[in-house]
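Here is a friendly walk through one structure, with the geometric criteria spelled out along the way. Have your viewer ready.

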Amino acid sequence: MDPEPRVLVLTPDFPPAPGGIQLLMHRIVRHADRLHTRVVTVDGPGARGFDAAGGLDVQRVGRGAAGRLAVATLNGRALGEAARFRPAAVLSGHIVTAPAAALIAAALRIPVVQYLYASEVGPRPRLAAFAMRRADAAVAISAYTHELAIAHGAPPARVHRILPGVDLPAPDTIPRADRPTVLTISRLSERYKGHDVILRALPLIRARVPDVEWIVVGDGPLRPGLERNAVSQGLQDNVRFVGSVSDDQRDRWLRRAHVFTMPSRLPAVGSAGEGFGIVYLEAAAHELPVVAGNVGGTLDAVVHEQTGVLVDPADHVALADAITDLLLDPARARALGVAGARRVRELAWPAVARRVEDLVLALIAGTRPSVADGA
Amino acid sequence: MCGICGRTLDPDGAAVAAMNRALRHRGPDDEGVYVDRASGLALGARRLSVIDVAGGHQPLSNEQADVWAVLNGEVYNHPGLREHLRERGHRLATGTDTEVLVHLYEEYGDDLVHALEGMFAFALWDARRRRLLLGRDRFGEKPLFYVERPGGLSFASELSALCQGGDVDGDLSAAAVDAFFVFGYVPGPDAILRGVRQLPPGHVLMWEPGAERPALRAYWSPPSCEPRPADPRAELVAETRRLLEGSVRSRMIADVPLGVFLSGGVDSTLIAALAARHSATPIKTFTVGYDTGEVNETRTARATAQALGAEHHELVLTAGDVAARVPALLAEIDQPRADQALPALHAVAKLARSEVTVTIGGEGADELFGGYPRYRWLARAARLERHLPARLGASGARALNANPLAGRARRLAYLLDGRPLLERHLDWVTERRSDLRADLYGPRLAAEAGAQRALDDLTARVDGRLDTSVPGALMRLDQVHWLPDDVLAKADRAGMLASLEIRTPYLHRDLAEFAASVGPDAHLEAGGKALLRAVLADVFPAASGRRPKTAFRVPAAQWLRGPLAPTLARQLAEGALYAEGWIDAGAARGLAAEHAAGRRDWSQVLWPLLALGLWLDRRRGLDGS
């Protein structure tokens, strides 16, 4: 018998694949010292090396499969893993693993904790409703996601808001750039992240900060169009698309920049946009003030006028003014950045993992979980 | 909506007052002139009151009276801009968008254009720095003509007004007449008169005393529509709807009654359906039909209006109306225009003006969302060419071309024809009028008959994009050529001659950038405009399932044999176009006789000649007006 209860973690998203959900799952598992976890996830490029170096119990399935097939394989293989592993609880990292989680829970009479973000809900509202109804507890990553969970049928008492966390950077001495630098970090695959609006704002920023440079970290199918539009607006000297970069380089940009921006908006029906935005915390951890949209999960990630400035994410003039004001007022930018860094210390991953552990342990013990909002 | 004008060497404002008088139809409600005596600059405006009816007098200044502005058009995002400006400490005295310009200039300088969303042409005078800034909207919805003189500049919303300012001394430009004959409109930045220029869409112009020339700068151009991986379709449809709904809402802000132009087609039906959803009271819709010809859209439009609960108004343009109104309209318009839909648009604008001051219309949907069959056919042609031996295609095309062609046979000929795609595009949109130039051109145009200027113009604007995507390149080409210089100029003049403002929800910058970003394939499925059709099916299911719209053919051929035949005959006998040696009267008479006898349909050639001839006679003072 293990000293720690066994928890089976089902997730289609796990590093080395990039992204916020991947990171969240990994950090929860890595820091959940009071649980004995086994992760069942999909295979992918670089997975073997990552797992070997990581020291976690990770089972990879569906080698070579993609999309729905990979998810189906994941669900199928999860049942077998559960039979072998005999967990005391299941943590379902995404609504697509809710079917397997529900079957395991029914077979082994154990509780299910279901994670909910936001963007996965729009395309699969029925699956989201299934997951919300069947889970013993739902973890919402923001107040916005909390509402989404309830809207999809989760009993309010079973929804727990646990904000995602951040890796606190080691102190360093990299100075801010000489040139006024605005930074955005995101895959360039979803329109709702607002790169189009930043591009519209840039000429107005340049009107008052002539040598401004916008650094766009990330890659994806939207990149060629954004690059073309930048050139057609004569902005080639004010925008740099640096593509996907290593974690080190990314941290370096976070140190070099003066303002971080990603004005995520609520997309039209079809997906639900930014559930939280871990990257905002990463910016704050590097003492970078954030300018973002005043909607969705961003409201939990950035505190308006305290760690950043929230504006109507479709209003390029408001965005331009907010960014410009910070570039022109370094003292205020610094104050917001320092306040952001102070705030994220409470959102370091070990603290976040502890909240998740508390919830899982309470369910296993059969007590009514009470988890403090991590904010 | 208004008309604006100005002159840099007009210390008593007399030239500007004269130009202003010629703009009366654009702004019957109010007029104003500002003169900076020290620097000799004068600005003028005529106003059609739409926003802040009481407080919107122009020209208008900041509190220090050192920045002055005149504006023609609408800045739709002005309520939000006003809020920003207030937050930044500006004090605004009126509710108008013109005042917003003045304060944005203080904030952003020449880059203020990047803050504006709408249809506009404006002039700003910075009296302190002695600097004039002219700007024009991104798509070219509102016109702005200018002429340079040594040390100075004058400008006006319409060419005919500019001529009243005393600085236009050039006669017709042979190159522009040639371009007009080929395209049916004069492509900007040229104008029909020598020395006159149009400020290109998406440009600003800066002038300072002492500078040799004014400086022109582009601030926006339509993004290229290039192939990309397919996005989830539901997401694209939802995003199209979100953006279009927002745009319709923004275009419904007015302090005066507002209506919708409704034809039987997808574009206007969708706009009307969205407007009806957003309106607390029944919307007013307006439609025009003809008493001749095969296609009558009025029935479909009426059914649509009924289903939307709209208060519907319709008008039939009869042969009698055509005889009575069309010659005067073609003569009166400020630059010659050969678009055969102009009379109907003008007639429905007059009808609407009896009920409303502002209407919204579907302009731009075809160009942004891939509506024209040409895009698909020429894309097919490009694909086919990779597989078919060139000689085989060319002989097939020759065989098809031996006979007068119509419909699909003609499209097939374009498909097989081995010539460069842009030449086929040019032929398609211009009905091959180029081929007739050698016969028709008189001595004053003789040097133009062999010119390749039209093709060179298109080649320069396409700028290699055909290699990336044929339909994408052609859509963008239409957005920078046909859209501003035909479609939008026609809508502006037809509306303004009736003192009616026409607003265009499809021409929203965000919507245009989104439409380009999805790539051409997403548009061209389902017979084109696939995204708009899908949104229509969502918001107005009653309209889907109807047969697709047939091209709205103007019965120009019948009109030229009937109600317009006497005018055409008079033109050929005494018109300045022939008497001055622009067009060879004998050759034109030959075509007119064949047309009258019903042996050939030459309406695509006779109509531009009629439009140009009537316009020239008016300019020469020969038509008794």
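Is B:R130 buried, exposed or partly exposed? B:R130 is partly exposed, with 16 other C-beta atoms within 10 Å. The scale behind that word is simple: a residue is buried if 20 or more other C-beta atoms lie within 10 Å of its own, exposed if 12 or fewer, and partly exposed in between, with C-beta atoms placed from the backbone.

## Ground rules

This is a predicted model, in which local features need pLDDT of at least 70 and side-chain atom pairs count only at pLDDT 80 or more, while totals for chains, interfaces and linings use all residues. Residues are numbered from 1 along each chain as its sequence is written, and chains are lettered from A and ligands numbered from 1 in the order in which they are written.

Most residues other than glycine have a negative phi, and most peptide bonds are trans. B:R130 has a positive phi, near 50°, and sits in the loop between β6 (118–126) and β7 (131–136) of chain B. Helices (H or I, at least four residues) and strands (E, at least two) are DSSP runs, numbered from the N terminus. In chain A, A:E305 also has a positive phi, near 65°; its place is the loop between α11 (298–301) and β13 (308–311). A:E305 is exposed, with 11 other C-beta atoms within 10 Å.

One runs from B:Q58 to B:P59, with omega near -5°, and B:P59 lies in the loop between β3 (41–47) and β4 (60–61) of chain B. The other joins B:G188 to B:P189, with omega near 5°; B:P189 is found in the loop between α5 (174–183) and β10 (196–198) of chain B.

## The nonpolar core

The largest nonpolar core has 319 residues, and B:A69, B:A123 and B:L162 have the most contacts inside it. Here a nonpolar core means a set of buried Ala, Val, Leu, Ile, Met, Phe, Trp, Tyr and Cys residues joined through C-beta atoms within 7 Å. Helix α27 (residues 603–619) of chain B gives the largest share of this core, 10 residues.

What does B:A69 touch, not counting residues up to four places away in sequence? The partners are B:P59, B:L60, B:T98, B:L101, B:V102, B:F122, B:A123 and B:L124. Contact means that two C-beta atoms, placed from the backbone, lie within 7 Å.

## Helix pairs in chain B

Two packed helices are described by the angle between their axes and the distance between the axes. Axes are lines fitted to C-alpha atoms, for helices over the stretch in contact, and angles run from 0 to 180 degrees between N-to-C directions. Angles under 35 degrees count as roughly parallel, over 145 as roughly antiparallel, 65 to 115 as roughly perpendicular and the rest as oblique.

The axes of α6 (233–250) and α22 (530–539) of chain B come within 9 Å and cross at roughly 75°, which means that α6(B) is roughly perpendicular to α22(B). On the α6(B) side the contact uses B:L236, B:V237, B:T240, B:R241 and B:L244, and on the α22(B) side B:L531, B:A534, B:V535 and B:D538. By class, there are 6 nonpolar, 1 polar and 2 charged residues. For these classes, Ala, Val, Leu, Ile, Met, Phe, Trp, Tyr, Cys and Pro count as nonpolar, Asp, Glu, Lys and Arg as charged, and the others, Gly among them, as polar.

Helices α10 (342–353) and α19 (482–497) of chain B pack at about 40°, with axes 8 Å apart, so α10(B) and α19(B) are oblique to each other. B:L342, B:L345, B:H346 and B:A349 of α10(B) meet B:K490, B:A491, B:A494, B:G495 and B:L497 of α19(B).

## Chain A and its partner

A:P263 is buried, with 31 other C-beta atoms within 10 Å, and lies in the loop between β11 (259–262) and α10 (278–285) of chain A. Its contacts beyond four places in sequence include A:G194, A:V197 and A:P313.

Where the chains meet, 19 residues come from chain A and 23 residues from chain B. On the chain A side, α7 (195–208), α8 (223–232) and α12 (316–328) each supply at least two residues. That side divides into 8 nonpolar, 6 polar and 5 charged residues.
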